[in-house]
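Subject: Structure handover

Hello,

Here is the structure for your files. My notes on it follow below.

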Amino acid sequence: MSSLGRGNVLARGFEGVVLAIDAVRANKTRASLTILGIAIGVMVVIAMASTITGIQRSVSDVVSRAGPTSFYVMRHYQTGIVFDDRDAAWRHRPRISRDEAELIRTLPGVADVNVSENASSSVSYRSTNLSSVNVSGMDSPWLKVGGGTLIEGRNFTPVDEAALSYVVVINDKAAELLLAGLDPIGKVLRIFGLPFTVVGVYQDPSGLFSQSSPRFIVPHTTFVKSADYDRGAMQIIVFPQPGVSQPEAMDQVTTALRIRRGLKPGDDNSFDLVSGDKLLEGFNSITSGFFLVMLALSSVGLMVGGVGVVAIMMISVTERTREIGVRKALGATHGEILFQFLVEAATLTLIGGICGLILGAIIAYAVNHFTPIPAAIPLWSVAAAMLASAVTGIFFGLYPANKAAGLDPVDALRYE
């Protein structure tokens with residue numbers, strides 16, 4: 001390449017770009033197929049990368065709402081996809097209990113805990129009925145975790161929890177569906193077949209997990225008494241005291257639970273403690289699988305485009321054989337001819353890459369504006385897509401470019 005000289009490189013590069021555009025005009029069908037293949041590959045990369053990035057940000061927002069030092073106590077924490085774990089050893093673990101949550105609350109390094117469980121139920125107000133909606137049983141600090149904003153009435157209190165009160169806080173979607181045009185505070189809904197009085201209305205935070213569906217939050221104590229649900233899925237969120245680090249609080253919780261469960265030194269924990277960072281790490285391990293699928297799908301498009309590059313460039317070499325012969329007779333080197341044709345091939349695929357980038361951006365815009373997913377295009381995906389487009393052009397253009405560069409000038413000048 002050094003034999004070309006810097007100015008000559010730019011001139012040859014510009015010439016290659018112009019010739020590539022001429023090739024697109026002269027071979028519209030083949031060029032369209034080439035560009036389409038590359039565009040599909042790049043579009044898949046941009047669309048999936050923007051969607052996954054949006055989901056990752058939403059998950060990160062949810063985890064961060066509970067605070068940087070909070071952590072979860074679970075019966076079992078699992079990452080990845082398991083198709084059949086009916087015989088898994090964790091199923092022999094004791095369930096997380098309400099008494100254990102109260103024990104954790106008394107620890108010196110713990111400021112508060114929040115217990116949560118969920119069930120599906122029909123909820124009705126007079127003749128209006130919603131079937132199979134989510135009802136959550138939580139402790140009163142649940143707004144710390146959910147991040148919602150109370151817009152009417154009040155949250156339930158520790159007094160409501162202790163008294164097993166039949167009170168409920170609903171989101172604005174539930175109010176819209178069940179109590180449209182009415183003041184929701186004080187209305188009595190039937191949940192689990194029992195009367196619950198609405199004491200507050202909240203609005204979910206924006207993002208992927210903002211609830212476009214109705215939600216109902218009741219005191220956990222009342223939930224346990226009223227709901228028919230899977231009792232093995234309780235989670236406890238622990239909020240450490242200010243000044244107490246997460247590892248210190250985790251050690252206190254681990255020691256307390258091991259003593260309560262009678263575990264001996266050397267026994268494994270029969271529960272899992274999971275930090276927000278670990279939750280994000282597990283989520284990222286899942287999304288990395290989607291990235292692999294994305295790469296496989298985009299590779300198909302790039303391969304199709306690459307085959308088109310070979311076809312177009314071989315035609316170009318044939319049509320310009322005499323031109324190549326003249327240039328070689330005037331002193332053009334093997335490297336100069338090779339460089340020019342590689343620039344042409346890379347330009348073709350970059351045109352496809354730009355088209356794919358535009359299509360991917362349109363899809364990301366649509367996902368961001370018409371779905372709850374806050375899609376955002378990461379800059380690395382743009383750079384990776386453009387690089388992949390250029391590399392595809394260079395890789396598949398190498399054979400025709402090398403063939404052009406290897407032509408004998410005498411035979412090329414005789415070519416008709």
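Buried means under 20% relative accessible area, exposed means over 50%, and partly exposed lies in between, with a 1.4 Å probe and protein chains only. By that scale Tyr166 counts as partly exposed because its relative accessibility is 26%, whereas Phe196 counts as buried at 0%.

The model is predicted, so local features need pLDDT of at least 70 and side-chain atom pairs pLDDT 80 or more, while totals for chains, interfaces and linings use all residues. Residues are numbered from 1 along each chain as its sequence is written, and side-chain values use heavy atoms, without hydrogens and water.

Aromatic pairs

There are 6 aromatic pairs in the structure (ring centres of Phe, Tyr or the six-membered ring of Trp within 6.5 Å; planes under 30 degrees apart are stacked, over 60 edge-to-face, the rest tilted). Tyr166 and Phe196 pair edge-to-face, at 5.0 Å centre to centre and 70° between the planes. This pair links distant parts of the chain, 30 residues apart: Tyr166 sits in the loop between α5 (158–162) and β5 (167–171), Phe196 in strand β7 (residues 194–203). (Helices are DSSP runs of H or I with at least four residues, strands runs of E with at least two, numbered from the N terminus.) Phe223 and Tyr229 form a tilted pair, 4.7 Å centre to centre with 55° between the planes. Phe223 is buried at 0% relative accessible area, and Tyr229 is buried at 13%. Ring pairs join Tyr166, Phe192, Phe196, Phe223 and Tyr229 into a cluster.

Helix contact

Val309, Ile312, Met313, Ser316 and Val317 in α9 meet Phe341, Glu344, Ala345, Leu348 and Thr349 in α11 (heavy atoms within 4.5 Å).

Regards
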